[in-house]
Amino acid sequence: MAEHEDRELSERYRELGREQPPRELDAKILAAARARPGLRRWALPLSIAAVIVLSATVTLEMQRERAQPENRIETPQQQKIEAQTAPAPVPTAPPAPAAKRAVDVSTSAPAAGRPSRESADRERFERAAPAAAEERAKQLGAAESPERWLERIAELRRAGRDDEADRLLAEFRRQFPDYRIPEAMRGRVERR
């Protein structure tokens, strides 16, 4: 039965015919489209030029902002993010014990009273280690709470890296001069 109704409905639609716009209106629209070929011809090149100009402007503006970081206003959260994403300093190995250094120096005979290349490298390394520790301390101070900083110093003490812990503790006291270290923590961060 549904099939019979569908055929009937289809036949009625066919009988209605198709309405179309008058031929004159159709001809006017087609004539107007043919009369303006320049608009179509220039659309693509103009859009490409606009994208290039916009890209160059944005790039130049970004470079100008990078060149003038002191003009930026940063929130504490942005400063914390930058401090966390800053590259960490290269980890330093603890210096060799004094007895071993004496043996190394005596076995490598320097030519004509000059220090050997190895001892010069070692000396440069030892001078760079405190600078790296101070830089790391400054980064930590900007990004971490005093409590977390003290935990790091305690970790260095446990690892036997007392010189580095002393430098970090001194920098901590410069950064937080009014901070009172709790007794329990003081025993963990100060040299014994």
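A residue counts as buried when its relative accessible area is under 20%. Keep that cut-off in mind as you click through this predicted model.

**Colour by confidence**

Start by colouring the chain by pLDDT. The mean is 75, and 64% of the residues reach 70 or more. Now select residues 99-109, where pLDDT stays under 50. For this stretch the model has six contacts beyond four places in sequence. Where pLDDT is low, the predicted coordinates should not be read in detail, so let's move on.

**Select W149**

Is W149 buried or exposed? Its relative accessible area is 0%, and because the cut-off is under 20%, W149 counts as buried. Show F176 as well: the two rings make an edge-to-face aromatic pair, with 5.6 Å from centre to centre and 80 degrees between the planes. This pair joins distant parts of the chain, since W149 sits in helix α7 (residues 146-158) while F176 is in the loop between α8 (162-175) and α9 (183-189), 27 residues apart.

Next, bring in F172. Its ring centre is 5.1 Å from that of F176, and the planes meet at 45 degrees, so this pair is tilted. F172 is buried too, at 1% relative accessibility. Setting aside residues up to four places away in sequence, F172 touches P146, W149, L150, I153, Y179 and I181. With Y179 also on screen, you can see a cluster of W149, F172, F176 and Y179 linked by ring pairs. In total, the structure holds four aromatic pairs.

**Show the core**

Now widen the selection to the largest nonpolar core, which has twelve residues. W149 and F172 are among them, together with L150, I153, A154, L156, A165, L168, L169, I181, M185 and V189. Which elements give two or more residues to this core? They are α7, α8 and α9, and α7 gives the most, with five residues.

**Finish at R157**

Stay in helix α7 and pick R157. This arginine is buried, with a relative accessible area of 12%.

Methods
Residues are numbered from 1 along each chain as its sequence is written. This is a predicted model: local features need pLDDT of at least 70, side-chain atom pairs count only at pLDDT 80 or more; totals for chains, interfaces and linings use all residues. Side-chain values use heavy atoms; hydrogens and water are left out. Rings of Phe, Tyr and Trp (its six-membered ring) pair if their centres lie within 6.5 Å; planes under 30 degrees apart count as stacked, over 60 as edge-to-face and the rest as tilted. Helices (H or I, at least four residues) and strands (E, at least two) are DSSP runs, numbered from the N terminus. Buried means under 20% relative accessible area, exposed over 50%, partly exposed in between (1.4 Å probe, protein chains only). pLDDT is the predictor's confidence in each residue, from 0 to 100. Contact means heavy atoms within 4.5 Å. A nonpolar core is a set of buried Ala, Val, Leu, Ile, Met, Phe, Trp, Tyr and Cys residues joined through side-chain atoms within 4.5 Å.
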